[in-house]
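Have the sequence and the model open side by side as you read.

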Amino acid sequence: MILNYIWIAFFIVAFLCCLGTTLFTGNTGIWTEVMNASFSQAAFAFEISLGLTGVLSLWLGIMKIGERAGVTGRLARMVSPLFSRLFPGIPAGHPALGAIFMNISANMLGLDNAATPMGLKAMQEMQTLNQRKDTATDAMIMFLVLNASGLCLIPISIMMYRAQGGAANPTDVFIPILLATGIATLVGLVALCIKQRIRFDRVLVSWLAGIALAIGGVVWFFASLPADKMESYSAFAANFILFAVIILFIVAGLRKRLNIYDTFIEGAKEGFKTAVMIIPYLVAILVAIGMLRASGALGVLTGWVEQGVALIGIDTQWVGALPTMLMKPLSGSGSCAMMLDVMQAEGADAFVSKLAACVRGSTDTTFYILAVYFGSVGVMRTRYAAGYALLCDLIGAVSATLIAYLFF
């Protein structure tokens, strides 16, 4: 229900902000700007869905080959010691576990275009186990919060934007981002385990420690690379692994004597249907966000925070990244625009620009994920998913800020 109240609040706050602007400044054009934003965001939601159609068709087709060839089942068995504890409602060996593994792996490599279709596949598989089709299960919420926490080992796009912005060392945010997103994911995971009464036994703790060591190994490896090599190496590693997965699925399908092409087409058709299904959910969320932003509410809040911080004598440099923090859970493109705006205004190597980059990479876009993933299976009652996802956003923003002060 929290998502319902947040969505309503976006419209009410936007209206009150427009009303205040008109009453106190005489600006009547704000109403036109807000309504234009609603129309443009509705069109943008359709464009996103249209753009996702091809990607979803491609990757759900590939996933169908992997599923029929038994690869996703083997992946599910490989991670079953961990996933059987995090997702106790999913039977061992169920296809959902393999899709979850593929989605999380793609997210960790920064491969958003591949992660989304795999995530939607995971949601569809979990929905087959759902007794109340309009209500999110504990497993769905765990999966959504893990996605919202945005654990990413290789933030390729952010390093690329910094390079384009003229940063002297575009990769200097790599380790701070990895630390911030790691903290956000760990806090979200532990909080949800407590909420869902998942026991921290020896196996679960061992897996979490192993993941932490793996992240430490990635940090050590990339930190040892020359600065000019880090971006190219990370891009190579991510895309090589992705292409290798495609070849693995195809080879496994050949060994099973599948008709690879027909299997792919069958999965691609599912991708097309999914893309159409999520349009209303995207429109609902993106229109509300667009009207909130156009009303000036975010700018007002930023100004109040800056004044309050200055009054109590705390350093105010971080406030320049506050718009990126506030926009991050609402809109991926919006937070990216905020980050780029800071970089353009202050320079790519300014402290606030590096902080904005760290915030941008610390978590994923909460409301987009909630709208797309739950919308793809028709879940209307999201229970406590939004609250715990926003907790990850808060922890990610605070961690990014403290780590940026430590590093820069």
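## A buried arginine and its partners

Arg162 is buried, with a relative accessible area of 0% (buried is under 20%, exposed is over 50%, partly exposed is in between, using a 1.4 Å probe and protein chains only). This is a predicted model, where local features need pLDDT of at least 70 and side-chain atom pairs count only at pLDDT 80 or more, while totals for chains, interfaces and linings use all residues. Residues are numbered from 1 along each chain as its sequence is written, and side-chain values use heavy atoms, leaving out hydrogens and water.

What does Arg162 pair up with? Its salt-bridge partner is Asp349, with the closest N and O atoms 3.6 Å apart (a salt bridge is a side-chain nitrogen of Lys or Arg within 4 Å of a carboxyl oxygen of Asp or Glu). Arg162 sits in helix α8 (residues 156-164) and Asp349 in the loop between α16 (332-346) and α17 (351-362), so the pair ties together parts 187 residues apart in sequence. Helices here are DSSP runs (H or I, at least four residues), as are strands (E, at least two), numbered from the N terminus. Asp349 is partly exposed, at 37% relative accessible area. There's a network here too: salt bridges link Arg162, Asp172, Asp349 and Lys354.

A search of the whole structure turns up eight salt bridges. One of them joins the side chains of Asp134 and Arg381, at 3.5 Å from N to O. That pair links distant parts of the chain, 247 residues apart: Asp134 is in the loop between α6 (112-127) and α7 (138-149), and Arg381 is in the loop between α18 (366-375) and α19 (385-407). Asp134 is partly exposed at 34%, and Arg381 is partly exposed at 43%.

Then there's Arg383 with Asp138, whose closest N and O atoms are 2.9 Å apart in a salt bridge. Again the pair links distant parts of the chain, with Arg383 in the loop between α18 and α19 and Asp138 in helix α7, 245 residues away. Arg383 is partly exposed at 33% relative accessibility, and Asp138 is partly exposed at 33%.

## Helix α12 and its two sides

Helix α12 (residues 260-277) has 18 residues and should span 26 Å at 1.5 Å a residue, which agrees with the 26 Å between its end C-alpha atoms (the expected span is 1.5 Å times one less than the number of residues).

Which residues of α12 are buried? They are Ile260, Thr263, Gly267, Ala268, Gly271, Thr274 and Ala275. These cover an arc of only 130° around the axis, which puts them on the same side of α12 (the arc is that of the directions from the helix axis to the C-beta atoms). On the other side of α12, Lys269 and Lys273 are exposed.
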